[in-house]
Amino acid sequence: MKKVGVFVCHCGTNIAQTVNCEQLAEAAKTLPGVAYSTEYKYMCSDPGQTMIKKAIEEHNLDRVVVAACSPRMHEATFRKCVNGAGLNPYLLEIANIREQCSWVHSDKTKATAKAEDLIRMAVAKALKNEKLTPSVIPIHKRALVIGGGIAGIQAALDIADTGYQVDLVEREPSIGGKMAQIDKTFPTMDCSACILTPKMVDAAQHPNITIIAYSEVEKVEGYVGNFDVTIRRKATCVDPVKCTGCGLCSQKCPSKTDSEFECNMSQRPAIYSPFPQAIPNKPVIDQEACRYFKTGKCKICQKICASDAVNFEDQDELVTIRYGAIVVATGYSLYDYNQYGEYGYGQYPDVISGLDFERLVNASGPTMGKIKRPSDGQEPKTVVFIKCVGSRDANRGHDYCSRACCMYTAKHATMVRDKIKDSQAVVFYMDIRTPGKNYEEFYLRAVEEYGVTYVRGRVSRIYMESGNLIVQGEDTILGTQILVVADMVVLATAMEAQPDAAEFARKIGITFDQNNFFNEAHPKLRPVETFSAGIYLAGACQGPKDIPDSVAQAGAAAAKVVALLSKDEMATEPIVAEVNTNHCSGCGFCVPVCPYKAISLKTLTERVHGSVAWGPAGKEITRQVAEVNKGLCQGCGACTVNCRSGALDLLGFTNEQILAEVDSL
Amino acid sequence: MNENVIQVSGKSEISQIMREIARDLLQQKTVSLVIGWEKGILPNKSAPAFITQSHDTDKLVFDEYCYHNLTKYLLQRKGSGLKTAIFVKGCDSRSLVGLVQDNQVPREDICIIGISCPGLMEERNTVIPAKKCETCYTSIPVEYDFLIDCPDTKTGDDEPGGSFAHRELSKVENMTLDQRDTYWQTMFQGCIRCYACRNVCPVCSCKECCFDLTSPDWVGKGNNTSDNSFYHLVRAMHVAGRCVSCGECERVCPINLPVMLLNSKLSLSIEELFDEPPASMNLDDTATLSQFKPEDPEEFM
């Protein structure tokens with residue numbers, strides 16, 4: 001005979017003010033299987049937990065129902081509590097009478113009646129609860145960081161410093177990411193390269209870090225502690241061992257193409273390193289731009305190379321490496337402002353993006369740091385900045401705020417005023433958002449010390465008139481239309497997810513939101529974890545972020561990785577799917593629906609009875625059945641609802657348990 | 001010209017070719033069993049035939065009374081590795097493709113002998129053409145190793161609204177909510193839960209059917225309107241996206257209930273919603289509801 005104890009929590013007045021807890025505890029006594037029932041002001045407190053433990057011992061309880069807050073909040077607490085009294089933690093059941101009852105209702109009688117139903121269901125389920133025990137999986141002590149921007153570099157350094165091996169995969173020829181393109185960083189105006197390149201060098205020289213540049217993650221198999229990752233090393237056509245990085249090949253290369261690093265404002269050769277401080281500092285051949293690959297003739301770089309490092313026969317190479325943990329730091333891309341018709345669909349050369357501006361003010365950029373407008377190379381005197389281009393604009397861009405634009409626009413406007421004599425900087429804004437340490441002061445300095453003009457309002461149109469850009473907008477504070485004759489316009493374009501973010505997320509088995517940013521497991525309490533155990537997030541791939549936030553998140557992700565790798569093995573959550581092979585017909589429909597690739601088919605051999613002479617009666621047959629990898633399974637239950645014969649069941653939430661709950665209603 | 005396609009001049013020649021192919025396969029021990037049709041005990045009925053000896057092959061016939069979709073018999077040899085030859089009409093071939101797609105029958109174990117189908121007669125009224133032939137998508141089998149190609153083939157009326165299923169569906173769809181409720185209640189009330197529709201269905205290939213399980217007890221085992229409705233609705237959902245409209249469920253129903261109607265509705269809805277061809281028309285396809293495509297519509301999310 002199973003004996004259930006019911007413990008009703010008041011949660012101070014959170015529950016008690018809309019639900020009659022004493023009445024609940026009384027009513028619970030009459031439920032089948034309930035041997036003991038009581039209520040208390042704070043069940044999660046020390047006296048509350050002691051009360052539960054004492055009751056288990058005194059009344060020989062073998063099932064416990066706690067009617068309190070959401071299981072997300074305190075299920076772990078109470079599992080630990082009943083375990084302390086010698087019960088298997090999975091014999092505990094939570095009835096959520098706070099979030100799902102007292103907080104959302106006001107009528108005390110009705111709320112109490114509903115809470116009684118919730119408890120009745122929990123008791124019915126608890127009676128069907130079985131003991132569950134975690135299994136143990138080994139941890140492979142090597143980490144993978146995907147993406148070599150500032151977040152990836154920081155995460156790799158932090159993990160490597162604790163003594164674990166880290167591979168840093170970057171798809172471009174050099175690590176550094178967007179930060180390498182930026183000129184100065186707010187709010188301190190440090191030179192971006194000056195603070196980034198030492199970190200890049202640290203990563204390159206760190207004995208525990210292997211940089212795998214010009215490579216992409218092709219496939220991720222396995223599970224926490226044991227990911228088997230296939231990485232495609234793209235053909236560089238340059239032997240990294242022989243190459244000395246002298247750069248002669250790049251100087252002599254006759255094929256030129258737009259430089260991505262310089263935002264297409266200057267040209268680069270086909271055999272190239274993206275920028276002077278690139279790491280690894282070995283060039284690669286861009287096969288699409290290379291004259292030899294296009295025409296079959298040239299090979300100048302090969303002839304000129306003193307160390308014979310150029311190899312046109314180089315092929316992509318696939319390598320598979322096992323990792324215990326993965327940090328995803330794949331960064332962001334920028335909104336394409338050509339979709340804004342009123343800003344000229346990108347046809348005015350002097351309407352540029354913020355990142356273009358970074359290259360224009362950078363000493364190693366296409367204009368050697370002198371601000372010259374792209375159309376005629378003249379120094380612009382009046383520069384207009386427009387914020388929220390693609391951000392906070394549900395119609396053409398994204399609903400969200402890109403977070404960094406207010407600050408970098410203030411930075412850009414300051415730089416215009418600082419670098420160009422007699423210049424004017426006009427910023428059109430919707431709001432000023434400066435929620436960071438010293439951010440507001442930085443913005444005020446732009447206005448007060450540098451005399452940047454801030455106009456609150458949207459720009460409705462940019463057009464050309466007698467060779468000048470006319471910016472037409474509204475000043476919503478004065479309530480008037482204004483026209484600004486501008487020499488150059490800089491658009492603060494939105495940060496958005498990488499164009500291939502969704503495809504990448506599916507490849508490695510993590511989830512993403514409506515904007516294709518990767519989902520954290522909990523927005524507040526698990527901000528760097530994903531729903532896939534062992535995969536963590538750092539930087540703007542999770543949502544728009546500035547450099548300080550990216551670095552902080554990278555450190556947090558590294559701490560999680562290190563905590564995982566520091567163990568030799570880990571216990572797995574026992575709430576996983578289980579196959580009843582007697583019922584499984586091997587149709588395999590569960591295999592593609594599993595988001596964690598945890599299900600595969602295996603072959604069984606068995607002796608069968610049969611009713612027909614021409615069947616295999618009395619003989620052995622082989623048949624396929626589903627098999628769940630308990631390390632990979634996250635207990636989502638997608639397979640169980642897809643299984644027609646109910647051969648798959650989620651332990652802790654079995655079909656029988658759910659039906660018992662429904663039937664008790 | 002494929003040597004495995006045997007041209008016949010009319011449907012009367014089909015049976016003779018069937019016997020020859022079956023005899024060769026059994027004599028050469030390519031297969032150990034041929035599943036086909038033989039003359040039944042009643043004049044207007046043909047019955048399934050299971051032939052293991054080459055001298056028995058003369059029993060085989062093909063006529064307009066070969067209603068039976070034989071493919072489900074293959075499940076009785078599942079996992080044995082035994083080679084089987086099976087005769088299929090166009091509609092049957094789709095359910096065989098479905099069984100291969102559902103991982104129930106290895107394609108390499110089956111020798112498929114297709115018959116391009118001249119059309120069947122109604123089983124209970126043997127002078128009118130079978131209702132199900134009106135919804136026929138393909139009279140020529142979609143998958144075969146041998147094909148007995150008969151010029152008299154007849155494919156269904158592909159004009160929307162032309163076929164029996166379309167007509168019957170639009171009749172139900174045009175009813176008021178109350179009328180429709182009465183229509184279904186009457187149907188489910190009439191059901192005797194003999195499970196013949198499930199047992200004959202080539203798509204119902206589960207090792208253990210959820211309606212037979214006692215733990216958990218998904219559906220009450222009693223015969224009442226509520227549990228009967230639940231049975232039919234669950235079965236419709238379980239075959240959705242895989243039903244090939246072979247019509248066997250409706251043929252075997254002892255009460256003559258329009259069992260196929262729910263399935264037809266779901267098939268048409270799936271074709272419309274996902275813009276996918278009908279189920280199991282091609283061995284390389286995956287059943288619509290058993291696959292995931294990033295570009296799938298997500299209006300409900």
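In what order do the three strands of the open sheet in chain A stand? In this predicted model, the order is 11-12-17, and the pairing is antiparallel. Strands in a sheet are held to one another by backbone hydrogen bonds, in either a parallel or an antiparallel arrangement.

The edges of the sheet in chain A are taken by strand 11, residues 215–223, and strand 17, residues 317–323. Each of these two has a single partner strand, so one side of each is left without a neighbour in the sheet. On average, neighbouring strands of this sheet are turned by 20° against each other, direction ignored.

Strand 12 of chain A covers residues 226–233 and is joined to strand 17 of chain A by seven bridges, with the two running antiparallel. To follow this pairing on the structure, take A:Ile231: its bridge partner in strand 17 of chain A is A:Val319.

The next topic is the contact between the chains. On the chain B side, 26 residues are in contact with 28 residues of chain A. The side of chain B that touches chain A consists, by class, of ten nonpolar, eleven polar and five charged residues.

How confident is the predictor? For the complex it gives an ipTM of 0.89 and a pTM of 0.72. Chain B has a mean pLDDT of 88, with 93% of its residues at 70 or more. Among the elements of chain B, the highest mean pLDDT, 97, belongs to strand 4 of chain B, residues 84–88. The lowest, 81, belongs to helix 3 of chain B, residues 164–173.

Key. Residues are numbered from 1 along each chain as its sequence is written. Chains are lettered from A and ligands numbered from 1 in the order in which they are written. This is a predicted model: local features need pLDDT of at least 70, side-chain atom pairs count only at pLDDT 80 or more; totals for chains, interfaces and linings use all residues. Two residues are in contact if their C-beta atoms, placed from the backbone, lie within 7 Å. Ala, Val, Leu, Ile, Met, Phe, Trp, Tyr, Cys and Pro count as nonpolar, Asp, Glu, Lys and Arg as charged, and the others, Gly among them, as polar. Two strands pair if DSSP finds at least two bridges between them. Helices (H or I, at least four residues) and strands (E, at least two) are DSSP runs, numbered from the N terminus. Axes are lines fitted to C-alpha atoms, for helices over the stretch in contact, and angles run from 0 to 180 degrees between N-to-C directions. pLDDT is the predictor's confidence in each residue, from 0 to 100.
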